[in-house]
Amino acid sequence: MRFYLSCLTIILGIFLCQGQNKQLLYNVRGLPQSLLNNPGANVNFDGHIGVPLFSKFHISAGSSGVNLFDIFDESKPDVNRKVSSAIRRLTRNDYFTLHQQLEVLSFGWRLKNGQYLSAGVYQEMDMFAYFPKDPALLVNEGNNAYLNEPFDFSDVSFTGEIMTVYHLGINKKINNKLTIGARGKLYSGIFNVASTNNSGKFITRDDPNTPNFYRHFAENIDVRVNTSGYASLNNTGRTVQESTRDLLKRSFFGGNVGVGADIGATYNLEDNFRITASILDIGIMYQQHDVENYLYYGDYETDGIEPLFPDVAPTDNTIPYWDLFEDEVDRNLKDETLNENYTTWRPVKFNAAIEFGFEEMFEICDYRRTYKRRNYNLIGVHLFGVKRPRTMNYALTAYYDRKFSNTFRAKISYTVDDFSYYNVGLLVSKKIKKFNFYLAADNLAGYLNLAKSQSASIQFGMQFIFKK
Amino acid sequence: MSFVKLLKTPILLLLFSVVLHSCVKGVDLDQTEEIALTPDLQVSLLVFDVTNVDFKDQESGAFTPIIRDTVRLEFLDDSYIQDDLVTVEFSFKYTNSFPQPFRNKISFLSENDRVQRSVSFDIAEGNKDNPAITDWIEFIENERIDVIKKSIKMVVEIEVLPNQNPFDGELKFESKGLFSFEF
């Protein structure tokens, strides 16, 4: 049991970290992965190739309203009181998110015309769920303390997807001031689940004008859960080998497909003063294979079952009140499973930053290279946003990026977002000849006790970076 | 070597040590075994409204002093009742505008029609201008809850207690159950 709890702790620990924001990698132009955050980044290398499966691993997650300590604080033994307290405290706009990326292949090279091409394959998982406040209250406390108050099923809103992304990007320096870039993406869907735009309310009223103590209302119920890639995995008759083969097939366009694009730009206001921006994953997925939709919809209200006295019908048979009641409920509140294709939009993200450099670097004079003014120190402000079912979620970061030498740099960031006001992150990047390794972690204070953390993330990668 | 270059090693060490020495403190994960959902659900049960017409035999039209009806409550056999029901509080309410009192009996029967629980009480007489209200609360908890878990039918039986007043009026019945669970 302790083993499972330890696993739970680690998983929750991971959960209690931050969402999709990759502020530590953004604007780190010495790293090829910065091109994935801004295809218009002003990169200063001429080629790269990532170590397959190790060029980038990123995992981040978040819980905007609760952490492990809130529930399992050892000094407060009544766990159910803590659970109830957390459920009451959380709002319908609190959310949980889990994001993971694993780069399988990554490479890039500079063309003779100066443009930089980059391409690769990565696997991505993105799970997002708003806290279903009202359904959680109903399940945990029931309707007794909430008479005449609606339980709103629009609180149920979640999305999840696992996919492989194939991408090709181009980065072009227009002039000394402007660099632009774009990346085309093909998505190969492995799994998708989406349940957004739900509606409906359940209310128990104690209206004195109704014939019984209470009248129960299910109003405008319209709940839909779309899935793709789930029904076949749920088929218990399949072997692990068959399922694995199927998952691999889906990774290579054997399942659902989609297209998307990233765009970005860097504009140098001065040699040491620039603004950068990017929009990522402007993309759509067509869910057409292995699709199953679960629908619950309708309206119904009841005061209870009304016996007619006497208890036999004119045919002398007992009146099946319960069956009649169930039939009436089924006629009015429908439960269907369909196989309708659907489309999903990728969670589009944007980045925008303003950056100022100081303490100019002096490079070795080489007549074959264009002299590029660079700075040892960079400070900047970075705004990140990601579109979620109800709204955009934002994070604002201030950072200091220090290049200690040509082979070592570090970046420290302070981020304010829905998870924390105390998020300090650190990135280090170390180069040994052509080989480069980086490690970045968010919310360092949270690592001291993950139980109290609502925000942390970790990413690392290794690749070969070439400069002429 | 400048001061900032001296910072390289501490920064690397800091990042690696923080990440590698992350831990979870001050929590007792054994508490997961104690987590239980404990909803209290208010559920309307039976509701009816009878008049003197209902006390006439359907075929002969003759006055019959006792009427009864049986309703199956299939949900009492569901797993969440069988496994997780802790207490139940039934509330019954009669509003009587007949000038006669009634004797009322509410029974919970098993599939084999064995009485598991029976509640009897008298319904006070009233009049059309001022109906009499009779409330009854039946609380069943812990060791006695099995009587509900074994039940599947609810029988309501009403017997009029005649007097010299004309038999004319309306008898309304309301009922609900407050089901408390521990999942």
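Visitor: Which residues of the largest nonpolar core touch the most other members?

Guide: Happy to take you there, with one reminder before we start: this is a predicted model. The largest nonpolar core has 31 residues, and those touching the most other members are Leu46(B), Val71(B), Met154(B), Leu171(B) and Phe173(B). S1(B) gives the largest share, six residues. As a general point, nonpolar side chains tend to be buried together in soluble globular proteins.

Let us pick out Phe173(B). Leaving aside residues up to four places away in sequence, Phe173(B) touches Leu46(B), Val47(B), Phe48(B) and Tyr94(B). There is also a second, separate core, made of 28 residues, and its members include Leu24(A), Leu25(A), Ala440(A) and Ile458(A).

In chain B, an open sheet of four strands runs in the order S2-S7-S4-S5, with antiparallel pairing. S2(B) and S5(B) are the edge strands, and each has a single partner, so one side of each is left without a neighbour in the sheet. From one strand to the next, the twist averages 15°.

Follow S4(B) through that sheet. S4(B), residues 102–109, is joined by eight bridges to the antiparallel strand S5(B), residues 115–123. If you want a landmark on that side, find Ile106(B), which stands opposite Val119(B). The two strands form a hairpin with five residues between them, and in the turn Asp113(B) has a positive phi of about 65°. S4(B) is also joined to S7(B), residues 153–160, again by eight bridges and again antiparallel. Here the landmark is Ser107(B), which stands opposite Val155(B).

S19(A), residues 423–432, runs antiparallel to S20(A), residues 435–441, and seven bridges join them. Across this pair, Ser429(A) stands opposite Tyr438(A). Two residues lie between the strands of this hairpin, where Lys433(A) takes a positive phi near 55°. S20(A) also pairs with S21(A), residues 455–466, in the antiparallel sense over seven bridges. In that pairing, Leu439(A) has Phe460(A) as its bridge partner.

Finally, here is how the chains meet. In chain A, 53 residues are in contact with 51 residues of chain B. Helix H1(A), residues 2–15, contributes four residues, the largest share of the side of chain A that touches chain B. By type, that side of chain A divides into 31 nonpolar, 15 polar and seven charged residues.

One of the twelve residues of H7(A) is buried, so the helix lies largely in the open.

Note on methods:
Residues numbered from 1 in each chain as written. Chains lettered and ligands numbered in written order. Predicted model: local features only at pLDDT ≥ 70, side-chain atom pairs only at ≥ 80, totals over all residues. Pairing = 2+ DSSP bridges. Contact = placed C-beta atoms within 7 Å. Nonpolar A, V, L, I, M, F, W, Y, C, P; charged D, E, K, R; others polar. Core = buried A, V, L, I, M, F, W, Y, C linked by C-beta atoms within 7 Å. Buried ≥ 20, exposed ≤ 12 C-beta atoms within 10 Å, placed from the backbone. Axes fitted to C-alpha atoms, helices over the stretch in contact; angles between N-to-C directions.
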